[in-house]
Amino acid sequence: MPRSSRLDPKTAVAVVFVASLFMSIMDTTIVNVALPSIGDQFHVGAASVGIVNVGYLVSLAVFVPLSGWMGDRYGTRRVFLAALAVFTAASLLCGTAQSLDQLTLCRIAQGAGGGMLTPVGMTMLFRAFPPEERMRASRVLMVPTAVAPALGPVLGGWLVDTLSWHWVFIVNVPIGIAAMLFGLLHLPDYRTERAGRFDPAGFLLAAVGFGGVMYALAEGAGKGWGSAGIVVPAVLGTAALAALVVVELRLPEPMLDLRLFRDRLFRTVNLMSLASGAAFLGMLYVFPLYYQDAVGASAFRTGLNTFPEAIGVMIASQLAGRLYPRIGPRRLIVTGAAGVAVMLALMSRLTPETSVWAARALMFGTGFCMAHVFMPAQTAAFATISGRATGRASTLYNAQRQLGPAAGVALLGAVLASGGTVAARQGGMSGGTGGGTPVANLTAYHAAFLTAAGLAALAAVIALFVSDRDAAPTMAPTGPARTAERAGDPTGDRPGDQPEDPAGSKIEAPAEGPRGVSSS
């Protein structure tokens with residue numbers, strides 16, 4: 001930790017992580033608006049320009065598994081700032097790219113930095129905040145999580161229309177530089193005594209597995225799920241992930257500590273987050289398509305109609321933060337996920353004649369309910385994870401956060417493709433053939449919204465198995481003496497402090513005690 005800094009470590013970590021997370025999350029949505037302009041400049045079609053996003057997503061999936069070991073081995077501060085530097089420099093290079101190949105390579109580099117930013121940053125955050133204060137930390141994270149995806153299309157549309165597509169990447173540069181300078185001055189460092197040896201087999205299998213599956217999910221709807229270009233990477237990726245499970249469970253110090261899933265609370269929250277993330281991000285994929293294709297709205301207007309979701313999340317985050325210590329995560333998550341399911345089901349009733357304020361109200365309600373899922377889940381997930389295991393747990397948690405949305409987008413994209421987004425053409429033939437003006441197939445969009453509602457309902461069912469008793473360390477403040485005894489206390493990981501119990505980082509250790517791992 002920098003000796004000259006007098007800033008509270010919690011504040012320092014929160015400021016740097018929120019700024020970096022905002023930049024990283026916004027990047028996933030702001031680029032979508034610029035793809036048509038990028039394709040026009042480089043004279044390529046929509047199918048070819050999609051590689052700009054696919055390269056980024058695959059790179060994210062490859063580098064997320066490596067982040068936990070890197071943070072433990074070299075220190076979270078050093079790794080986080082290096083990842084931030086890579087992301088920022090790659091953003092500048094993306095904005096100055098002179099060809100599609102250059103842009104794709106720079107996006108891959110950007111994904112490498114972004115893939116390590118979130119897991120390492122979350123590790124720092126949960127080591128800086130003791131368990132009883134993590135709901136406050138999760139409330140801070142709602143700003144980038146809620147605002148960035150909704151702001152991306154609005155800001156991206158404005159930048160493309162006013163300046164050029166280059167600026168959707170260059171806009172990251174001043175944010176990244178400011179975050180790096182602040183981090184160099186104030187960011188504390190957290191590392192464990194033993195990071196373990198590098199696991200080359202685990203890294204290679206994870207890279208092939210997650211990379212192959214992410215590529216198939218991202219490209220399946222466009223290229224066809226039965227095409228060789230999708231089937232081969234999907235099969236190879238699935239086989240690599242199956243081999244990864246076998247290999248990692250046999251190693252005493254694996255890169256991906258799958259034994260952490262023996263923790264009942266951690267396992268249940270991850271499964272629930274997988275389903276809820278697929279529903280929520282899948283909806284954010286379908287809703288703009290519906291408004292632009294079926295309603296005929298511009299990208300900028302579509303972004304404005306999506307933005308009430310962020311307002312709902314920010315308002316509800318204040319309420320959820322106050323309710324969590326009183327009633328625990330289970331009822332909040334169940335109610336929130338059920339509410340999301342209702343809102344998404346109501347979206348299946350939207351038509352071009354529906355009032356824009358009705359659609360905005362549904363987006364607001366979705367965000368309001370989703371905050372009651374995101375915040376309690378993120379807080380409770382690490383309640384029974386020891387401080388020294390937080391880095392490895394954060395890696396697993398963020399891996400599913402990447403796969404869930406990708407699976408949701410792929411599933412809803414497949415629903416749209418199976419039904420066809422064009423039902424007929426006015427003055428032409430049905431089925432989207434012949435001349436005339438295309439007419440959107442509302443049935444396909446409604447089916448996609450209902451599918452998302454089903455995923456949210458599944459998340460609500462899984463949330464019924466979340467244990468408030470397991471999450472008790474995050475629900476009520478206690479005295480400093482008792483706080484220091486908790487497994488999630490970060491003091492054992494700070495430089496110069498001795499860890500409370502070296503065995504405490506092993507999730508399988510039977511001596512963990514009642515606040516350790518809850519077996520199923």
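Is leucine 260 buried or exposed? Leucine 260 is buried, with a relative accessible area of 0%; buried means under 20%, with a 1.4 Å probe and protein chains only. This leucine lies in the loop between helix H10 (228-250) and helix H11 (264-295), where helices are DSSP runs of H or I with at least four residues, numbered from the N terminus. The C-alpha atoms of leucine 260 and arginine 392 are 8.4 Å apart, although 132 residues separate them along the chain.

A word on what you are looking at. This is a predicted model, in which local features need pLDDT of at least 70 and side-chain atom pairs count only at pLDDT 80 or more, while totals for chains, interfaces and linings use all residues. Residues are numbered from 1 along each chain as its sequence is written, and side-chain values use heavy atoms, leaving out hydrogens and water.

Now find the largest nonpolar core, which has 145 residues. Such a core is a set of buried Ala, Val, Leu, Ile, Met, Phe, Trp, Tyr and Cys residues joined through side-chain atoms within 4.5 Å. Helix H1 (residues 9-42) gives the most to this core, 16 residues. Ile38 and Phe80 have the most contacts inside the core. Leaving aside residues up to four places away in sequence, isoleucine 38 touches Val49, Leu100, Leu103, Trp165 and Phe169, a contact being heavy atoms within 4.5 Å.

Finally, follow helix H15 (residues 356-380), which has 25 residues. Of these, 20 are buried. H15 bends by about 25° at methionine 370, the bend being the angle between axes fitted to the seven residues ending there and the seven starting there.

Note on methods. Helices (H or I, at least four residues) and strands (E, at least two) are DSSP runs, numbered from the N terminus. The expected span of a helix is 1.5 Å times one less than its number of residues. Buried means under 20% relative accessible area, exposed over 50%, partly exposed in between (1.4 Å probe, protein chains only).
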